[in-house]
Amino acid sequence: MFPFLTVFMILIVALTVCLKRNTHKEKQRQEAFWERESRANCTRRKDLSTLPYIVIPSELLHVSGDSDESLSQELETLSELSQKKIVNLNHYTNTDLKLKYGAANLPTLMEYDDNYTTLICTLVKISRILMEQSQPQEAISYLEFGVTCKSDITENYVLLAKLYRAFHRDTDLMQLYQCIRSLPASNKDSILQAVNAD
């Protein structure tokens with residue numbers, strides 16, 4: 001009876017100490033976050049001219065031959081995007097962006113990043129339509145541009161790998177794998193897994 005009670009009391013004390021330690025660490029994390037956020041909100045506006053802007057090649061703004069309504073709509077979206085500023089900022093948090101470029105620039109930067117998201121989604125949509133219309137070579141051009149933009153859309157890589165295999169473009173396939181391995185760790189493994197599973 002007494003040994004059990006002693007063990008039970010030790011467990012209670014250990015659990016209490018562990019909970020207090022975790023609570024203290026969480027409090028420190030929150031304080032660090034809010035201190036960093038406060039500094040970010042006070043950061044002055046910086047010059048955005050050196051951002052790595054993405055330029056859509058003019059040859060991607062139209063396809064050879066006739067295009068149906070769905071393809072025309074996506075090409076129109078791409079054409080509109082070509083007149084806007086596009087930057088991949090996916091690897092930054094809002095706090096990171098404010099610290100790096102100034103709090104006043106955050107809405108502008110978010111717009112640039114929204115344009116990037118629209119771009120990579122549109123490239124995949126166009127590629128899918130072109131493949132359905134038996135224009136795989138044209139689809140490859142859009143998918144390859146998605147890779148150069150460091151798209152994080154898994155389908156971009158899966159479709160491109162599928163086309164490379166279909167046309168026995170082994171060297172290009174190996175280069176595609178290298179591009180995937182250079183992506184941020186957060187999605188690299190899932191993309192590689194999907195490409196290998198196809």
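**Exercise 1.** Does Thr43 count as buried or exposed, and at what relative accessibility?

*Solution.* The model is predicted.
Step 1: locate the residue. Thr43 sits in the loop that runs between helix H1 (2-41) and helix H2 (69-81).
Step 2: take its relative accessibility, which is 17%.
Step 3: apply the cut-off. Buried means under 20% relative accessible area, so Thr43, at 17%, counts as buried.
Step 4: list its contacts. With neighbours within four places in sequence left aside, Thr43 is in contact with Lys98, Leu99, Gly102 and Ala103.

**Exercise 2.** State which secondary structure elements the chain has, and compare its radius of gyration with the globule rule.

*Solution.* Step 1: count the elements. The chain has eight helices and zero strands.
Step 1: write them in sequence order, which gives the pattern α-α-α-α-α-α-α-α.
Step 2: Along the principal axes, the C-alpha atoms fill roughly 85 × 50 × 30 Å.
Step 3: Of the 198 residues, 34% count as buried. Among contacts between residues at least 6 apart in sequence, 70% join residues at least 24 apart.

**Exercise 3.** Describe the surface and the charges of the chain.

Step 1: count the charged side chains. There are 22 positive and 25 negative ones.
Step 2: locate the two sets. Their centres lie 15 Å apart.

**Exercise 4.** Find the aromatic pair, classify its geometry and place its two residues.

*Solution.* Step 1: count. There is one aromatic pair.
Step 1: classify. Tyr53 and Tyr112 have ring centres 5.8 Å apart and planes at 70 degrees, and the pair is edge-to-face. The cut-off for this class is an angle over 60 degrees.
Step 2: place the residues. Tyr53 belongs to the loop between H1 and H2 and Tyr112 to helix H4; the two are 59 residues apart, and the pair links distant parts of the chain.
Step 3: check accessibility. Tyr53 is partly exposed because its relative accessibility is 28%, whereas Tyr112, at 9%, counts as buried.

Key: Residues numbered from 1 in each chain as written. Predicted model: local features only at pLDDT ≥ 70, side-chain atom pairs only at ≥ 80, totals over all residues. Heavy atoms only, no water. Helix = DSSP H or I, 4+ residues; strand = E, 2+ residues; numbered from the N terminus. Rg over C-alpha atoms; globule rule 2.2 N^0.38 Å. Buried < 20%, exposed > 50% of the residue type's maximum accessible area, 1.4 Å probe, protein only. Contact = heavy atoms within 4.5 Å. Areas by Shrake-Rupley, 256 points an atom, 1.4 Å probe, with all protein chains shown as cover. Lys, Arg positive; Asp, Glu negative; His and termini not counted. Charge placed at Lys NZ, Arg CZ, Asp CG, Glu CD. Phe/Tyr/Trp six-rings, centres within 6.5 Å; stacked < 30°, edge-to-face > 60°.
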